[in-house]
Amino acid sequence: MEKISIMMVLMFVLSYGVMVTIAQEVRFTKPNPNDTWYGLPLPPQPRPGYYKYLGDCIDKTTQACGIQIIDAIFEANLLKDHDCRAKVLEAGYLCNRALSYTLGKFDAFKSEASYIVQSSNDIFDDISKKV
C-alpha cells in the first residue's frame with residue numbers, strides 16, 4: 001500500500017481532536033472555538049450515546065498516546081510504548097474497534113476505512129498477545 005501522506009496523519013490528529021471535543025461537549029463543557037478542529041462536520045452517531053461512549057474510551061488514553069496510535073495505524077507499525085500499550089488494553093477491544101470504525105466514517109478517511117480498522121485490529125492483537 002502506498003505511503004499515507006502527512007496530510008492524512010494531520011487529518012487524523014484533527015479527527016481525534018474532534019472526538020475529544022465531542023467527549024467534552026457530552027460532559028456539558030463548551031469546546032473552544034479557537035481549536036483547529038472546532039466546527040468540522042462529524043459523521044452521524046450510529047446510535048444515541050455513541051459519542052459519549054467514544055469520549056469515555058478516549059479518556060482512558062492521553063493525547064500523546066493517541067498520537068502514537070495514529071502513527072502506528074498509518075505507518076503500519078506496532079505500538080512500542082509500554083504505557084500507551086497498557087492504556088490501549090485498559091480501554092479494551094470494543095473501544096479500539098469503535099474508534100477505528102468512527103475514524104473511517106470521516107470524509108477524509110472513507111477511502112482508507114478498511115485499512116484503518118485492520119491496522120488498528122492488528123495493533124490490538126499484537127498488544128493482547130504479549131500480556
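Contact means heavy atoms within 4.5 Å. By that rule, residues 24 or more positions apart account for 73% of the contacts in the protein with a separation of 6 or more. This is a predicted model, in which local features need pLDDT of at least 70, side-chain atom pairs count only at pLDDT 80 or more, and totals for chains, interfaces and linings use all residues. Residues are numbered from 1 along each chain as its sequence is written, and side-chain values use heavy atoms, with hydrogens and water left out.

**View 1. The whole protein has six helices and zero strands.** From the N terminus on, its elements run α-α-α-α-α-α. Helices (H or I, at least four residues) and strands (E, at least two) are DSSP runs, numbered from the N terminus. The protein has 131 residues, and 40% of them count as buried. Buried means under 20% relative accessible area, exposed means over 50%, and partly exposed lies in between (1.4 Å probe, protein chains only).

**View 2. Helix 3 spans residues 63-74.** It has twelve residues. From its first C-alpha to its last it reaches 17 Å, close to the 16 Å expected at 1.5 Å a residue. The expected span is 1.5 Å times one less than the number of residues. Which residues of helix 3 are buried? They are Cys65, Gly66, Ile69, Ile70, Ala72, Ile73 and Phe74. Just after helix 3 comes Ala76, with a positive phi of about 55 degrees.

**View 3. Helix 3 packs on helix 6 at an angle of about 115 degrees.** Their axes are 9 Å apart. That angle makes helix 3 roughly perpendicular to helix 6. Helix 3 passes helix 6 in a right-handed crossing. Ile69, Ala72, Ile73 and Phe74 of helix 3 make the contact with Tyr115, Ile116, Ser119, Ser120 and Ile123 of helix 6. Seven of these contact residues are nonpolar, two are polar and none is charged.

Some terms for this view and the next ones follow. Axes are lines fitted to C-alpha atoms, for helices over the stretch in contact, and angles run from 0 to 180 degrees between N-to-C directions. Angles under 35 degrees count as roughly parallel, over 145 as roughly antiparallel, 65 to 115 as roughly perpendicular and the rest as oblique. A crossing is right-handed if the near helix is turned clockwise from the far one by less than a right angle, and left-handed if anticlockwise. Ala, Val, Leu, Ile, Met, Phe, Trp, Tyr, Cys and Pro count as nonpolar, Asp, Glu, Lys and Arg as charged, and the others, Gly among them, as polar.

**View 4. Helix 4 (residues 82-91) crosses helix 6 at roughly 100 degrees.** The two axes come within 10 Å. That makes helix 4 roughly perpendicular to helix 6. On helix 4, Arg85, Val88 and Leu89 take part in the contact. They meet Phe124, Asp126, Ile127 and Ser128 in helix 6. The contact residues divide into four nonpolar, one polar and two charged.

**View 5. Helix 5 (residues 93-103) crosses helix 6 (residues 113-129) at roughly 155 degrees.** Their axes come within 9 Å. That makes helix 5 roughly antiparallel to helix 6. The crossing of helix 5 past helix 6 is right-handed. Tyr93, Asn96, Arg97, Ser100, Tyr101 and Leu103 are the contact residues of helix 5. Their partners in helix 6 are Ile116, Val117, Ser120, Asn121 and Phe124. Six of the contact residues are nonpolar, four are polar and one is charged.

**View 6. Ser100 and Thr102 are two residues of helix 5.** Ser100 is buried, with a relative accessible area of 3%. What does Ser100 contact, leaving aside its neighbours within four places in sequence? Its contacts are Ile116, Val117 and Ser120. Thr102 is buried too, with a relative accessible area of 2%. The C-alpha atoms of Thr102 and Pro44 are separated by 9.5 Å. Along the chain, Thr102 and Pro44 are 58 residues apart.

**View 7. Gly92 lies in the loop between helix 4 and helix 5.** Gly92 is buried, because its relative accessible area is 16%. Gly92 and Cys57 are 35 residues apart in sequence. In space, they are 8.5 Å apart, C-alpha to C-alpha.

**View 8. Asp107 sits in the loop between helix 5 and helix 6.** Is Asp107 buried or exposed? Asp107 counts as exposed, because its relative accessibility is 63%. Asp107 and Pro43 are 64 residues apart along the chain, and their C-alpha atoms are separated by 8.2 Å.
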